[in-house]
Structure formats: structure tokens, C-alpha cells
Amino acid sequence: MSTRSTAGTANDPRCGCDEGSRLTSRRTVLRAALAAAATGVTTYAVGDVSTQVSFAAPGWNGETLVVLSLHGGFDGLSAVVPGGDGAYYAARPTIAVPRSTLLGLDQMFGLHPAMAPLVPFWKNGTFGVVHAVGQSDPTRSHFAAMEQMETAAPGSSVRTGWIDRTIGSLGTGSVLGAVGISNQQPRSFAGPAPKTTTTSLDGFSLIGPGDDRPTWHAALRRMHTGARPEVAAPATTLLSAMEDVAKLPGRTAGPANGAAYPDSDLGRALAQAAVLKKSGAPVQVIALDYGDWDMHAGLGRVDGGWMRDKLTELSSALAAFATDLGSAFGSTTLVTLSEFGRRVGENASGGLDHGHGNAVLLLGGGVVGGRVHGVWPGLGADRLVDGDLAGTTDYRSVIGEVLQKRCGAGSLGTIFPGVGGSPLGVVRAR
């Protein structure tokens with residue numbers, strides 16, 4: 001379940017394409033929670049951000065993978081700028097980020113100045129980047145690209161989502177169980193692993209007359225006693241999930257270590273993700289959606305505008321999350337994904353159309369940071385793929401390395417069928 005702002009979608013005049021958003025109303029929260037429990041992950045949705053969580057079995061090794069999906073087509077060339085490639089400036093005469101303003105600049109790359117909150121993590125080696133990342137069968141359709149990325153099994157008959165397969169491959173189970181009620185969910189969670197969704201930790205409860213939740217829980221359990229499993233399981237599983245979430249410590253303690261989240265949907269969602277991680281609950285995967293990156297027009301300049309505002313919010317929220325985690329940061333790896341990048345050349349509206357190759361951001365205690373990983377193909381006309389940055393690294397190999405080195409996954413064959421290549425060295429082994 002995901003709610004997302006309409007900016008940058010078919011409902012917004014800035015863009016005529018469909019960002020593939022999965023919209024819901026507050027009335028569908030309980031139904032969505034029951035449905036998501038059927039397929040495994042707990043979703044904490046706030047505004048245009050959805051947070052989905054899988055509670056692991058006793059074999060969990062303590063690592064938490066956080067997947068932040070930048071839906072709409074994140075422009076990695078604006079965030080992690082190839083300032084040493086002259087073709088970048090030739091292709092973007094009005095919206096390029098000046099080389100003199102770049103942060104952490106090496107011979108080729110530097111960070112957009114709006115990413116200043118992440119520079120301390122860049123310097124201490126816990127924030128890094130993989131550039132020129134893409135899909136093996138690129139498409140410029142939001143819907144098709146999102147579906148392919150979340151299924152992550154091109155050329156195969158696999159129809160489950162890659163996070164569902166990850167949970168199954170690592171042998172995870174759940175006190176939440178499996179519920180056979182369906183509802184619209186991200187493709188990456190499709191499959192048999194147990195999942196649960198909610199809009200917030202505090203709001204993950206029954207709503208009824210008064211506030212006598214134990215009585216309501218007991219009554220609902222009695223109502224389903226003796227019912228067929230396919231009828232009883234959804235209700236009893238959801239009730240168990242509510243009771244477990246209610247027991248999580250630190251829900252009202254606020255951020256730790258002086259962390260200051262931006263007052264935004266993303267800030268609030270990451271704050272809740274930090275509560276989950278710090279609580280000591282065996283949270284294996286947390287996934288969040290952060291949309292509104294579909295900047296076909298009016299991207300802005302380095303000193304202001306749409307891109308700068310989005311990167312400021314993103315960087316501030318990520319820095320607060322890392323600070324808030326404290327010692328738990330050491331067993332957390334956050335990875336950003338987007339369905340595709342943007343074209344190298346700006347369009348006549350001061351924006352960027354759908355492209356291919358992109359940047360993946362990594363943040364965590366085990367990240368090999370302070371550098372840009374991957375094979376840089378260059379932006380010369382003879383190096384582009386139909387006007388786009390080439391994707392020289394399969395995004396699945398980046399996630400796969402994290403799963404193997406940090407999360408304890410063995411062979412990736414069941415998670416990412418057909419994926420190959422050698423590890424890039426983006427994370428250290430636990």
C-alpha cells in the first residue's frame with residue numbers, strides 16, 4: 001500500500017505521464033493491513049511514503065536492509081554529478097550543477113550541494129554511490145519499469161517479488177502468519193511470505209467506540225474461534241500483529257542523538273523505521289516509497305527549484321535517520337532504487353525526460369563509502385544508449401551483494417534468477 005502526492009503524475013500539469021502510483025484512502029487502511037498480511041510485509045504508510053516491514057525468524061543475523069524507492073525516475077546525474085565529464089555540461093546548458101559548487105569532488109564526481117547533510121557520512125566512509133546502474137531490459141514506461149524492477153526476474157516465468165523471495169530464501173518466518181485476503185501491493189512483495197501493513201506505528205490499532213482495545217481483540221478472537229482457516233487466519237494474524245507492534249519500545253521517545261528529521265512524509269516515515277530498528281525487534285527488511293521525481297519540466301537550478309528542494313529533503317532525512325540509529329546504524333544498510341534515470345540532455349522545458357542509467361545511494365555501517373563505485377561509461381555521444389546514460393551495472397547485483405555480505409544470503413539464484421557479475425565491493429562482510 002502506498003499513498004503518494006500527485007505532483008509529477010498524470011494529475012499534475014508538470015508531467016503528462018503516469019508515475020504508476022498506488023493510491024489509497026484512510027478508509028482502506030484496515031483492509032490493506034489484512035491484505036498485506038497475506039503476502040508478508042508490514043507497511044507503515046505516511047503521506048506519499050509507504051513503509052513495509054518483514055519480521056524475521058529466529059535465524060535472523062541482526063542486519064536490516066532498508067530499501068528506499070525513489071519513484072518517478074530519479075535523476076542520478078543531478079545528485080551525483082559527473083563534473084569531470086565535459087559532455088554533461090554541454091548536454092545541460094541551463095540546469096547543470098556547476099563544478100565549482102560540487103561537494104566531495106574527485107576527478108570525475110561530486111555531490112549536489114543540497115546533499116551537504118550527507119557529506120559527514122561520505123567522509124567517514126558510510127555513505128557511497130554506485131553510478132550507471134540500470135535494468136537489463138530498459139523501458140521508459142513508469143509502470144513497466146517499476147514492475148520489472150520489483151519482480152527482478154527478467155526473462156523468467158517468476159512472478160513473485162524480489163523481497164518476498166528474499167524473505168523465503170533466508171528462511172524467515174513470522175508471528176504475523178499468512179493471510180489469504182488480497183489487495184493492491186508493490187510487486188516486490190507479491191508472494192507467499194507473511195506481510196502486514198499499517199499507516200503508522202501509533203495508528204496500527206482497531207478503531208471502535210471507546211478505547212477498550214483488549215476487549216475488542218478478545219471479542220474478535222472469540223468471533224473467529226472454530227471458523228475455517230481461510231476465514232480465521234486473516235483476523236487472528238492481524239490481531240497478533242497489532243499486539244506485537246503495541247509492545248515495541250521507544251515509540252514515543254522521539255529521535256535520539258540529536259537527530260532532527262525534516263517535517264515531511266519522508267522524515268516521519270524514516271523516524272518510524274528508526275523506532276523499529278532500535279526497538280530490538282527482528283526487523284529484516286524495511287521498504288519506503290518516496291515519489292515526485294518525475295521532473296519533465298522546471299527542474300530548477302543549483303540555487304533553487306524542484307530538484308534542489310527534493311535533494312535537500314532526501315539528504316536531511318537520511319542524515320537524521322543515520323544519526324538517530326546510533327549503534328544500530330552498524331547493522332543497517334539503506335539502498336535507494338528508482339525505476340529508471342533521466343535522459344542526459346535537458347529538454348526545452350528545463351526538465352529531463354525518461355532515461356536509463358542511474359545512481360544508487362548506499363548508507364550504513366557496513367557500506368564502503370566516500371567513493372563512487374561501478375564502471376563509468378562516459379557521456380559522449382558514442383557512449384550513450386539512445387541518448388541515455390548506459391547501465392553498466394545491474395541493480396540486482398548491488399542488492400545481491402548487500403544480501404550476501406550483510407544479510408546472510410547464500411546463492412542469489414532463487415532471489416535474482418540469472419543475475420551474474422562479480423561483487424563491486426560496495427559493502428563489507430559482517
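Helices (H or I, at least four residues) and strands (E, at least two) are DSSP runs, numbered from the N terminus. I kept that in view while going through the model.

**Ground rules.** I am working from a predicted model, where local features need pLDDT of at least 70, side-chain atom pairs count only at pLDDT 80 or more, and totals for chains, interfaces and linings use all residues. Residues are numbered from 1 along each chain as its sequence is written, and side-chain values use heavy atoms, with hydrogens and water left out.

**Confidence.** I checked pLDDT, the predictor's confidence in each residue, from 0 to 100. The chain's mean pLDDT is 82, with 74% of its residues at 70 or more. Residues 1–14 have pLDDT below 50, and the model gives this stretch 57 contacts beyond near neighbours in sequence. Contact here means heavy atoms within 4.5 Å. Residues 20–51 also stay under 50, and for them I noted 152 contacts beyond four places in sequence.

**Whole chain.** I found eleven helices and twelve strands. Of the 430 residues, 57% count as buried; buried means under 20% relative accessible area, exposed over 50%, and partly exposed in between (1.4 Å probe, protein chains only). I also looked at contacts between residues at least 6 apart in sequence: 75% of them join residues at least 24 apart.

**Asn257.** I looked this one up in the loop between helix H8 (229–246) and H9. Asn257 has a positive phi of about 60 degrees although it is not a glycine. Most residues other than glycine have a negative phi. Asn257 counts as exposed, at 54% relative accessibility.

**Asp386.** I then went to the loop between strand S11 (372–373) and strand S12 (393–394), where Asp386 sits. Asp386 is another non-glycine with positive phi, near 50 degrees. Its relative accessible area is 58%, so I put Asp386 down as exposed.

**H9 against H10.** How do helix H9 (residues 265–278) and helix H10 (residues 306–325) pack? I read an angle of about 20 degrees, with the axes 9 Å apart. Axes are lines fitted to C-alpha atoms, for helices over the stretch in contact, and angles run from 0 to 180 degrees between N-to-C directions. That angle makes H9 roughly parallel to H10 (under 35 degrees; over 145 is roughly antiparallel, 65 to 115 roughly perpendicular, the rest oblique). On the H9 side I listed Asp265, Leu266, Gly267, Leu270, Ala273, Ala274, Lys277 and Lys278. H10 brings Glu313, Leu314, Ala317, Leu318, Phe321, Asp324 and Leu325. I sorted the contact residues into nine nonpolar, one polar and five charged. Ala, Val, Leu, Ile, Met, Phe, Trp, Tyr, Cys and Pro count as nonpolar, Asp, Glu, Lys and Arg as charged, and the others, Gly among them, as polar.

Helix H6 (residues 162–169) has six of its eight residues buried: Trp162, Ile163, Asp164, Arg165, Thr166 and Ile167. For helix H11 (residues 395–405), I noted nine of eleven buried, so H11 is largely enclosed by the rest of the structure. Among the buried residues of H11 are Tyr395, Arg396 and Glu401.

**Val97.** I found Val97 in the loop between helix H3 (86–91) and strand S5 (110–111). Is Val97 buried or exposed? At 3% relative accessibility, Val97 is buried. Leaving out residues up to four places away in sequence, Val97 touches Ser78, Val81, Tyr88, Tyr89, Leu102, His112, Pro113 and Val302. I also noted 7.2 Å between the C-alpha atoms of Val97 and Arg301, which are 204 residues apart along the chain.
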